[in-house]
Amino acid sequence: MRVCAACLTLFATLLAACGGSHSTGRQSVDPQAVIRTVMSSPAGMDVGLEGLFPKQAESVACVIHGGGPGFTVAGTCASRVRSAADGSAVASFVETWDGRAFHGPGSAAKPGLSHTWEFHVIRSNQVTSSRSFGDFPPQSVK
């Protein structure tokens, strides 16, 4: 029994060292490089990602600046990266806030409102498409 446990431990170690995630068919991407690519792209700069979202895949407390002077909403801002089998990636930037502090048209005054911006990045580090969805974001107030 000890031999089997030792063999399993060795196998798991070798699998991890060889990049066991390759068995899924996905090629790994550098999340920070993908986030940097999107933030410095024209589409990312138009949204104002760099000043609001973390530059690595994580979630942090943030202050969302609304369209009017002095209009801010406390929230959580997250940068996420999901890799695809072809070596491309999808970077998502998600802001979440309490709808009792701010809710736009079509959104309820309840906790947990959110808005997401998604960007598709191909292997050559180019943003090829983007979309946004969710609740009306505070920064869209004019």
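Setting aside neighbours within four places in sequence, Val38 touches Gly44, Leu49, Ala91, Phe93, Phe119, Val121 and Val127, where contact means heavy atoms within 4.5 Å. This is a predicted model, in which local features need pLDDT of at least 70 and side-chain atom pairs count only at pLDDT 80 or more, while totals for chains, interfaces and linings use all residues. Residues are numbered from 1 along each chain as its sequence is written, and side-chain values use heavy atoms, with hydrogens and water left out.

Val38 belongs to the largest nonpolar core, which has 20 residues; Leu49, Phe53 and Phe93 join Val38 as those with the most contacts inside this core. Such a core is a set of buried Ala, Val, Leu, Ile, Met, Phe, Trp, Tyr and Cys residues joined through side-chain atoms within 4.5 Å; buried means under 20% relative accessible area, with a 1.4 Å probe and protein chains only. Two or more core residues come from each of α2 (31-40), β1 (59-65), β2 (72-83), β3 and β4 (113-122).

The protein has three helices and five strands, in the order α-α-α-β-β-β-β-β from the N terminus. These are DSSP runs: helices are H or I with at least four residues, strands E with at least two. Of the 142 residues, 31% count as buried.

The mean pLDDT (the predictor's confidence in each residue, from 0 to 100) is lowest in helix α1 (residues 2-17), at 38, and highest in strand β3 (residues 89-97), at 98. Residues 1-24 have pLDDT below 50, and this stretch has two contacts in the model beyond near neighbours in sequence. Where pLDDT is low, predicted coordinates should not be read in detail.

Key. Buried < 20%, exposed > 50% of the residue type's maximum accessible area, 1.4 Å probe, protein only.
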